[in-house]
Every structure is written in C-alpha cells, then in structure tokens.
Amino acid sequence: MAPYAGIVTRNLVRRYDDRAVLDGVDLEIAAGEFVALLGRSGSGKSTLLRALAGLDPEVDGSGELVVPENVSVVFQDSRLLPWATVLDNVVLGLRGAEEKGRQSLAEVGLAGREKAWPNELSGGEQQRVALARSLVREPELLLADEPFGALDALTRLKMHALLRTLCEVHRPAVLLVTHDVDEAVALADRILVLEDGRLIAEEVVDEPAAVRARLLDALGVSV
Amino acid sequence: MTVTTLPGLRPVTRTAPVVRRRRLGPGRPIKFGAAIGPVVLLAVWSIGSATGWIDPRVLSAPWTVVTTAGELISDGRLQSNLWTSSQRALVGLGLGIVLGVVLALISGLSRLGEAILDGPIQIKRAIPSLALLPLLILWLGIGESMKVVTILLGVFVPIYIHTHNGLRTIDSRYVELAQTVGLSQREFIRRVVLPGALPGFLLGLRFAVTGAWLSLVVVEQINATSGIGYMMELARTYGQTDIIIVGLVLYGILGLLSDGVVRLIQRRALTWRRTLAS
C-alpha cells in the first residue's frame with residue numbers, strides 16, 4: 001500500500017493465550033484528525049495502541065495495518081530517563097536537534113528548564129516534557145495512552161488546552177486512548193468506543209452534551 | 001476539658017491543665033556527639049598509660065605512638081611502605097574493576113554470556129577470595145603478582161554482582177521508550193543501559209574498595225618485604241606496639257579516605273539522584 005499519513009487497519013486481530021483481545025478492528029484515521037478511543041479497562045484499548053505503535057512484535061495476530069513512518073507515543077507515565085536532563089530527554093535519539101528541542105520545550109511552556117533533572121519537575125511538567133519529546137520528532141501520528149491519567153484535575157484541564165493548541169499547530173493524526181468521556185469530548189473530533197476487542201460505537205463530536213450522553217450509554221453507564 | 005452546668009446558667013467550659021507527655025524518642029541530638037566516644041577512649045588510653053596501668057609492652061602510650069610516627073616519617077620508612085601498599089591496592093583495585101565491569105557487561109548484555117559467565121562467578125562469590133591464598137601461592141609464588149591477584153579476586157566480584165544487577169534491573173518501560181523513539185542498539189546501550197547501571201556499579205565500587213584493603217592487610221603479612229603490613233609484622237617480632245598502632249591508624253585513614261573518594265564520585269556522578277534525596 002502507498003504511504004499514508006493516517007492510519008488504516010483492516011480486520012486487526014491480536015491474541016493473548018488464544019483469547020482475542022482485538023477481535024477484528026477496522027479503523028481509519030485521516031491525516032490531522034484527532035480521534036479518541038474510549039473503553040473500559042480490559043476492552044483492548046492499550047493493545048490496539050501498542051499494535052499501532054509497533055510495540056507488540058511477539059504477540060500473535062493477523063490483519064492489515066498501515067501506519068505512517070513517523071509515529072510518536074506519549075505514555076501514561078512521562079517515561080523520562082531520570083539520569084538525562086530535560087533537554088536530553090526531549091532530543092533522545094535525535095542528532096543535532098538541540099535547537100529544535102529548546103523550541104519544543106518553549107512551546108510546552110518549559111523554556112529555561114532545559115538543564116533540570118526530571119525529578120525536579122512536577123508531574124504535569126514531566127508530562128509536558130514528554131509531549132515536547134513527541135512533538136520535536138514532528139510525527140505524522142501521535143499515539144497517547146491515557147497521557148493525563150496520573151495528573152490532578154486542574155493540571156489535566158491545562159494539559160487539555162495545551163494538547164489542543166499543539167495539535168492545531170503541528171496537525172498530526174492523533175489517537176488518544178482514554179477512559180474519561182469528558183476528556184474525549186473536550187479534545188477529539190471523533191470518538192470511538194471499543195468493547196471486547198471490537199469497535200461498537202462511533203460519534204462525531206458536534207453537540208457535546210448529546211454525544212456525551214450517548215457515549216456513556218454505549219459504555220453501559222446510565223445517568 | 002470539663003463542662004460544668006449550673007442551674008439557670010450557660011455551661012462553663014474550663015480548660016484542664018495540659019498534661020505534659022513523656023518523650024519516648026532518644027531526645028535532642030548532642031552537639032559534636034560523634035566525637036565524644038573517641039575522645040573518651042583516647043582519654044582512658046592516655047590516663048592508663050600515664051599512671052602505668054597499661055603496660056607499654058601491651059600497648060604503647062599515645063604520645064609514644066605519635067613520636068614513633070614522627071620518626072618513621074623522618075627516616076622515610078613510613079612513606080616508602082605506604083607507597084608500596086597503596087600501589088598494590090590501587091593496581092589490584094584497578095584491574096579488578098576493569099575485569100568486573102567487562103564481565104558484567106558481557107553477561108548483562110547477552111544471554112549467552114550470562115549462561116557461560118554468571119554461574120562460575122556466583123560459585124566464586126561463595127568462596128572467600130582469601131581462602132584461595134594457598135592455591136595462589138602455589139601458582140604465583142609469594143611475589144607481587146600473588147598479592148595483586150588476591151586483591152583483584154576480592155574486588156571484581158562485588159563490581160560484577162552490582163553492575164550486572166544494575167544492568168538487568170533496568171526498567172522495561174525504558175526499553176519500550178527506546179523502541180518508540182527508534183534508538184539504535186548502540187545508542188540504547190549508551191543512553192539507557194550504561195547510565196541505568198551506574199548506581200549499581202558505584203555501589204559495587206564501595207564494597208570493592210573495602211575488599212581491596214582487607215585483602216591487602218592479609219597478603220602483606222605473608223612473606224612481604226615491604227608495605228604497611230610488613231612494617232607491622234616486623235614490629236610484632238620486636239614487640240614494638242607503637243609501630244603496630246601507627247600501621248593500624250594508617251589502614252584506618254586509608255579506608256576512610258578511599259570511602260570518602262568513592263562517595264564523592266557517587267555524588268558527582270549521580271546528581272540526578274541527589275535531587276530525590278534532598
């Protein structure tokens with residue numbers, strides 16, 4: 001297939017011990033589109049994300065999978081190397097990217113903290129460094145696995161605004177895995193619901209309140 | 001607090017006197033507390049020697065030790081013996097560190113290396129290196145090489161154990177990160193594996209330094225013709241307790257100094273950790 005700046009999966013299956021954790025997922029994300037993936041624990045969200053990130057070479061599975069070449073991942077934990085400075089973490093594995101790294105840090109509001117150790121930063125700041133590390137690579141696809149799950153509510157709101165702004169500037173395709181319906185509605189253009197390894201619902205976010213109610217319904221939460 | 005109610009009046013609150021609780025902890029720290037024990041010991045030693053209660057053949061007086069040290073320094077014996085001892089310890093330590101690190105890297109970075117090396121080294125660990133002395137003397141004689149090899153054998157094991165452990169316990173999440181940012185094998189080792197194993201290596205280094213001095217003390221008392229241990233052995237045959245004490249103090253100073261140096265290296269190399277501790 002020709003290179004494509006978004007994602008296409010056809011009948012994607014991933015099995016652990018003969019149990020199909022992903023059971024035929026058909027997914028398309030256009031370039032620059034922000035998609036949120038909702039699902040309860042154990043629904044297969046993280047498995048799908050790991051498959052897209054290419055982090056599951058040893059897992060049994062089948063199906064077609066097209067992802068762009070340049071993929072960045074933001075994990076739930078910031079996953080910064082504690083022995084590398086903030087700037088070194090941002091440009092990890094890149095050559096001669098110091099200047100871009102600085103700009104990237106400035107974009108997430110951490111200019112001047114280049115020389116700090118990750119342990120000196122707050123949880124929210126660490127996650128912003130992780131965002132900078134992802135964006136400095138100018139990804140065509142940004143995969144985020146509950147990136148704000150470990151943050152307090154206020155920091156989380158600030159991070160939502162930051163992520164929105166950054167995505168509008170850089171326009172990567174985004175797949176945000178979350179279990180927070182409000183987060184999905186606040187951030188995404190389109191929301192998918194995964195259950196038992198299948199996509200069971202799809203919503204385009206036009207009327208947030210109605211979408212929210214329908215999503216909660218799809219997730220089996222009655223309000 | 002007691003509440004007394006009188007007819008027709010609002011309750012009156014009276015505060016009972018505060019009960020002062022007995023403190024259960026050891027109490028406030030004493031100023032210069034760490035110095036008190038050694039000073040008392042020195043005082044008892046001085047008084048004992050001055051009153052003749054301590055026989056100088058058993059233990060020389062502190063001032064005799066000081067003058068003897070002065071004499072040993074002025075005729076150059078102390079310096080030359082100290083130099084020989086330090087050289088042995090440093091050469092053994094240096095070779096042991098190199099051997100320990102190389103083995104740890106081979107066994108930490110490759111499964112085959114681990115399969116071949118780890119078992120024998122664990123067996124070696126169970127045998128105290130000083131127990132190997134008879135064999136080493138048969139193989140290497142009683143010269144310098146036997147001494148250096150004995151020190152080396154005592155040094156490389158802790159270096160290997162802790163470095164290997166450091167390599168093997170690097171968080172798998174960092175491995176995943178390295179994959180997602182597309183690090184090459186070389187970069188992965190340089191950026192993630194080696195710095196991740198550094199705390200383990202430095203811990204091993206502290207044990208190694210202590211081990212090096214221990215081995216040194218033992219090998220210097222076997223047919224040596226120079227070194228602090230030799231100086232002390234010679235003093236034993238003439239019953240010169242003052243020289244023996246000078247040797248002991250020297251060993252003590254060397255041990256303290258080298259531990260201080262390792263801790264300094266640790267602090268410098270692990271600044272990122274200090275931020276956690278402070």
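**The interface between chains B and A, and the annotated spans**

Across the interface of chain B and chain A, four salt bridges are found, a salt bridge being a side-chain nitrogen of Lys or Arg within 4 Å of a carboxyl oxygen of Asp or Glu. One of them joins E176(B) to R50(A), with 2.7 Å between the closest N and O atoms. The model is a predicted one, in which local features need pLDDT of at least 70 and side-chain atom pairs count only at pLDDT 80 or more, while totals for chains, interfaces and linings use all residues. Residues are numbered from 1 along each chain as its sequence is written, chains are lettered from A in the order in which they are written, and side-chain values use heavy atoms, with hydrogens and water left out.

The interface also holds six residue pairs in polar contact, both residues being at pLDDT 80 or more. Here a polar contact is a pair of N or O atoms within 3.5 Å; within protein, one must be able to donate a hydrogen and the other to accept it, and residues adjacent in sequence count only if both atoms are side-chain atoms. On the side of chain B that touches chain A, two or more residues come from each of α7 (172–180), α8 (185–219) and α11 (271–277) of chain B. Helices (H or I, at least four residues) and strands (E, at least two) are DSSP runs, numbered from the N terminus. The largest share of this side, six residues, is given by α7(B). By type, the residues on this side of chain B are eight nonpolar, five polar and four charged; Ala, Val, Leu, Ile, Met, Phe, Trp, Tyr, Cys and Pro count as nonpolar, Asp, Glu, Lys and Arg as charged, and the others, Gly among them, as polar.

In total, 17 residues of chain B are in contact (heavy atoms within 4.5 Å) with 19 residues of chain A. The area buried between the two chains is about 1900 Å², with 66% given by carbon and sulfur atoms; buried area is the accessible area (1.4 Å probe) that two parts lose on being put together, summed over both.

Turning to the annotated spans, UniProt (unreviewed entry) places "domain: ABC transporter" at residues 7–221 of chain A; such annotations may be inferred rather than shown by experiment. This span of chain A is 34% helix and 28% strand, and its end C-alpha atoms lie 30 Å apart. In chain B, the UniProt annotation "transmembrane region" (unreviewed entry) covers several spans, including residues 89–113 and 243–265. Residues 89–113 of chain B are 96% helix, and residues 243–265 of chain B are 100% helix.
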